Amino acid sequence: MSDAAVPDEPPPFPDRDVTGSHAAAQAARSLQALPEELAARLPQLLEAMVSVGSGLRLHSILDRIAETAASLTGAEFAAIGVINDEGDGLSDFVTYGISLEQRDRIGTLPDGRSGLLGALIKDPVPLRLDDLTADPRSVGVPPHHPPMRTFLGVPIRVGDEVFGNLYLTEKREPGGFTAYDLHMVKVLATEAGIQIGNARLYEITRQSERWIDGSVAVTTALLAGADADEALSVVAEQARRLADSAVGLVLLPAAEGGLEIAAVATDAVGAPSGALGMVIPPESPVVDDLLGGEPVFVDEPATGVRLLSELDWEFGPCMMLPLRSDGRVLGALATPRLPGAQPFTEAEKNLAAQFAAQAALALMMAEAQRDRERLAVFEDRDRIARDLHDLVVQRLFATGMMLESAQRRAVVPEVRDGVSTAVDELDVTIQEIRTAIFALQQGPTEVPAGLRTRVLREINMAAVPLDFTPAHRFIGPVDSLVGELTSKNLIAALREALSNAFRHAQASRIEVVVDAGVELADGRRGVRLTVADDGVGIPEGGRRSGLKNLRRRADELGGDSWYGPGIGTGGGGTTLVWQAPL
């Protein structure tokens, strides 16, 4: 069936350059010229436009547009198809009138590459049908889908770009959609395009702020004195969080060629746990691109490059970005999402590329700072060694010679023996000082930062998004008692706890305690991490995957993890406890 005829547009409202009394007169003539039915529905249309214009969250606006359009036209079902970046299909599909149970039974949502939806993408013009099943472009509906006949489709434009299409079906009143329905929906679509443009600008601004905050947190943490491994872990964790990905990976050039996974950050269930140290072979096609400073984006892993095929783990869309600064490629950053997740937008790709460049610069600055600090230490050690040799040893040697002279003149045997003993002690002292001088002149091997330093680094990094610095307290010699494996897992637990407090708890006060003097239930000595906040607490039925991961980490070490009331008024908030044997 061909498109139903649409009457001419109503007289236009005043142009933007028409103002004052002329604009008022022109607007009055336009309103008087409106058909009676359309004029009667004008208050409803204005109310609908106000409803669409409230709020700045994009998905909430799309939900309101679909609901408002259905209410305005008396349609039983409404949907908005968001066109993907390539312009050949749909990246999102928002529905109204179909229950969650119906959506689950229908299964996969339309991709917009065929049928009437595809026709509207190829030719974005208004379309009104009394029976969509009779249209030759229709391909029918999937099983369990509600029957649909009457149809109205209108493109939604944001500026000069077609953002998507608004679809309405099954008008409740007999006779199908009218020309007046089409006129009102076109006006609504124009207003919707303006509001969607504002919402997208708002989302891009919010995203930019998050990525900038993440870059600041990375730079702050790296320049606070992180060692190489900790610095890479910070970059991986921030990239994972900002990209909303399942895993954050930092890859460095391997000695035998290819790229070695040097840092892994994840909180996804089933994510690769044995990835650290794995090498992506040099024959992999992405290795040349990344080491050549070119990013690699995979929207559909089934047709894209399987960078993580060695890990036996399925992943969704993935960004792989070179860590490049001043013409030098330090490595690469990968942020794969879970299967079925939304592909990365162009804005996310651009922001991630800027983050990778900033992270590479921060890594180079941190490396240069560590070199300067090491040089300063070496210079100070050289000065101390010279002072010990030129001043202390020479004075001790002169003192020893004076005592030997006194010993020869002593007449009392006890005095002579006492002076001899003192001279011998001075010789031993001189030998010990010379040994110390030799040790000072040797280059020390680089050792990992202590647990205390790493805890403080995590707290300072969390202070950026929190807008305050959590309180902290250490009990016992945490650096000397807590082993490296337990330290790494404790830091991961602290990072998860602080992340939850920022993202979910809305806390205004956080207290962190690391106690290396606790006794576990089985009598062994252990270390306990306590993170308490005054936030909203953990809601019933809320997400628990992060807490499960903390408990799993503790169980693997022979420890335990639990949570309870927080430090807010009346026990509000959450207290998370994680402990493991020393």
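**Charged pairs and their surroundings**

Modeller: E346 and K349 form a salt bridge in which the closest N and O atoms are 3.7 Å apart. Please keep in mind throughout that this is a predicted model. Both residues of this pair belong to helix α10, which covers residues 346-409, and they sit three residues apart, about one turn of the helix. In general, an α-helix has 3.6 residues a turn, so residues three or four places apart point the same way. The two partners can also be described by their accessibility: E346 has a relative accessible area of 41% and is therefore partly exposed, whereas K349, at 10% relative accessibility, counts as buried because the limit for that class is under 20%.

As background, side chains of opposite charge can pair when their charged atoms come close. One of these pairs is R495 with E458, whose side chains meet at 2.8 Å, N to O. R495 lies in helix α14 (residues 484-505) and E458 in helix α12, so this pair ties together parts that are 37 residues apart in sequence. R495 and E458 are both buried.

Helix α12 leads from that pair to a sheet. The helix spans residues 451-466 and lies across β12 and β13 (510-519), running at about 170° to β12. Those strands belong to an open sheet of five strands, arranged in the order β12-β13-β14-β16-β15 and with mixed pairing. At its edges stand β12 (471-475) and β15 (560-565), and each has a single partner strand, so one side of each is left without a neighbour in the sheet. From one strand to the next, the twist averages 15°. Further into the order, strand β14 (residues 525-533) pairs with strand β16 (residues 574-581) in the antiparallel sense, over seven bridges. If you want a place to look along that pairing, R528 stands opposite Q579 in β16.

The other pair is R149 with D131, whose side chains meet in a salt bridge at 2.9 Å, N to O. Both residues lie in the loop between β3 (127-129) and β4 (151-158), so the pair ties together parts that are 18 residues apart in sequence. R149 counts as partly exposed because its relative accessibility is 47%, while D131, with a relative accessible area of 19%, is buried.

Helix α4 itself covers residues 58-73, and its 16 residues reach 23 Å from the first C-alpha to the last, close to the 22 Å expected at 1.5 Å a residue. Among the buried residues of α4 are I61, L62, I65, A66 and A69. Just after α4, G74 takes a positive phi of about 75°.

To set these parts in the whole, the protein chain has 15 helices and 16 strands, and 43% of its 582 residues count as buried. Among its contacts between residues at least 6 apart in sequence, 62% join residues at least 24 apart. The chain exposes about 29600 Å², of which carbon and sulfur atoms supply 54%.

Key. Residues are numbered from 1 along each chain as its sequence is written. This is a predicted model: local features need pLDDT of at least 70, side-chain atom pairs count only at pLDDT 80 or more; totals for chains, interfaces and linings use all residues. Side-chain values use heavy atoms; hydrogens and water are left out. Two strands pair if DSSP finds at least two bridges between them. Helices (H or I, at least four residues) and strands (E, at least two) are DSSP runs, numbered from the N terminus. Axes are lines fitted to C-alpha atoms, for helices over the stretch in contact, and angles run from 0 to 180 degrees between N-to-C directions. Contact means heavy atoms within 4.5 Å. A salt bridge is a side-chain nitrogen of Lys or Arg within 4 Å of a carboxyl oxygen of Asp or Glu. Buried means under 20% relative accessible area, exposed over 50%, partly exposed in between (1.4 Å probe, protein chains only). The expected span of a helix is 1.5 Å times one less than its number of residues. Accessible areas come from the Shrake-Rupley method with a 1.4 Å probe; for residues, only the protein chains shown count as cover.
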